[in-house]
Amino acid sequence: MEPYFSIIIPLYNKEKAIEKTLKSVFHQSFTDYEILVINDGSTDKSEEKVKRFSDERLRLISTENRGVSQARNLGINESKGKLVAFLDADDYWFPNHLQILSQLYQNFPEAGLLATNYQFYYSDKKIIQPVFDDIPTENWRGIVTDFFHSSMKYRIAWTSAVAVPKKVLDVVGNFDENITLGAGEDTDLWIRIALKHPVAFDNEVSANYQMETENRISLSKTLERRFSKLDKFLNDEQSNSSLKKYLDLYRAEFALKHKLVGDIKSFHFYKNAISKENLHWKTKLLFQLPIPILQFIYVMKKKLEFFNIQTSAYH
């Protein structure tokens, strides 16, 4: 009998986190699932930690290191469930996560993307709770009226808190393997789905985004990453102002990241595609600054975040 959920966990050098992540799955109140852990060429003891679990619902598939998109796509292709849920190997779910997603799908079977609320966890003293434009803050479940508008400040679809019907992926396609190292491959897929299907959301928090684990992508990796060009959506954004503004936020972010590391060609590529009315004055100012000053501001921003002071160049 096919499982209700297929849970895809890409794994690369997360030996300190993977046990807690897997335990959060095994502690789910909804138990009709399979887990596919895709070991993407880990060089630490990650695989050894996974093998400590003996559960017939768990499958470990090992490959050479090819990146998170390829790992997730391998998991999707091997999956047998009705719904595909994603979980990064350093995040975890609260026990009600799959139950909420299953109820969401029962209530809104027309949805192509199912999402729950989540929190950013830095420490017990620092937890940030996202809020979304035009979405009630308590006890709400429904179809999101404007996915892109509601995702301007925080993203409604965060990878470790979404599920997608397998039949939707069969039509829309999987993760774009030309985008690497967390440079927009998940956002690219959620946009493709949201342009063709309704998005259902439950604002109950059921997932935890771990911000302090050992190998989150850092700025120093920018030149190694292949970012989403976002140009595949050019036709759609001409008739969808919310999508255009949403994409321009990403273009601004990508532009600044490339300028910070001295890639001026890529900086101009993203900057020139942005509509000026979608640029916040802070972003315009940062675009004009010399690279050393921009780098200094970036360092100061990170220091402020350590003291739980959040700043944004885009709002």
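Guide: Leaving out residues up to four places away in sequence, Asp-32 touches Glu-2, Pro-3, Tyr-4 and Phe-5, where a contact means heavy atoms within 4.5 Å. The model is a predicted one, in which local features need pLDDT of at least 70 and side-chain atom pairs count only at pLDDT 80 or more, while totals for chains, interfaces and linings use all residues. Residues are numbered from 1 along each chain as its sequence is written, and side-chain values use heavy atoms, with hydrogens and water left out.

Asp-32 sits in the loop between H1 and E2; helices (H or I, at least four residues) and strands (E, at least two) are DSSP runs numbered from the N terminus. With a relative accessibility of 34%, Asp-32 counts as partly exposed. The cut-offs are under 20% relative accessible area for buried, over 50% for exposed, and partly exposed in between, with a 1.4 Å probe and protein chains only. Between the C-alpha atoms of Asp-32 and Ala-71 there are 23 Å, and the two residues are 39 apart along the chain.

H1 itself covers residues 18-26, and the loop that joins strand E1 (5-11) to helix H1 holds Asn-13. Asn-13 is not a glycine, yet its phi is positive, at about 50°. Its relative accessibility of 15% makes Asn-13 a buried residue.

Within H1, the buried residues are Ile-18, Thr-21, Leu-22, Ser-24, Val-25 and Phe-26. An α-helix has 3.6 residues a turn, so residues three or four places apart point the same way. The cover over the buried residues of H1 includes E1, strand E2 (33-40), helix H2 (46-51), strand E3 (58-63) and strand E5 (92-93).

Leu-22 shows some of this packing residue by residue. Apart from residues up to four places away in sequence, Leu-22 touches Ile-9, Ile-35, Val-37, Val-50, Phe-53 and Leu-58. Leu-22 is also one of the five residues, with Phe-5, Ile-7, Ile-35 and Trp-190, that touch the most other members of the largest nonpolar core, which has 92 residues. Helix H9 (residues 241-260) gives the most to this core, namely 10 residues. Such a core is a set of buried Ala, Val, Leu, Ile, Met, Phe, Trp, Tyr and Cys residues joined through side-chain atoms within 4.5 Å. In soluble globular proteins, nonpolar side chains tend to be buried together.

A few other positions give points of reference. Glu-78 is in helix H3 (residues 68-78), and its relative accessible area of 34% makes Glu-78 partly exposed. Beyond its neighbours within four places in sequence, Glu-78 is in contact with Leu-36, Arg-59 and Ile-61. Tyr-298 is 220 residues from Glu-78 in sequence and 41 Å from it in space, C-alpha to C-alpha.

Leu-169 is part of helix H6 (residues 166-172) and, at 3% relative accessibility, counts as buried. Its contacts, with neighbours within four places left aside, are Ile-76, Val-84, Val-164, Asn-174 and Leu-189. Leu-169 and Val-84 are 85 residues apart in sequence, and their C-alpha atoms are 9.0 Å apart.

Two further loop residues are also buried. Ser-151, between helix H5 (147-150) and strand E9 (162-165), has a relative accessible area of 0%. Leu-230 is in the loop between strand E10 (199-210) and helix H8 (234-238), has a positive phi near 65° and is buried at 5% relative accessibility.

As for the whole, the chain has 12 helices and 10 strands. Its radius of gyration is 19 Å, close to the 20 Å that the globule rule gives for 315 residues, so the chain is as compact as a globular protein of that length. That radius is taken over C-alpha atoms, and the rule is 2.2 Å times the number of residues to the power 0.38. Along the principal axes, the C-alpha atoms fill a box of roughly 60 × 40 × 40 Å. Of the 315 residues, 54% are buried. Among contacts with a separation of 6 or more, 77% are between residues 24 or more positions apart.
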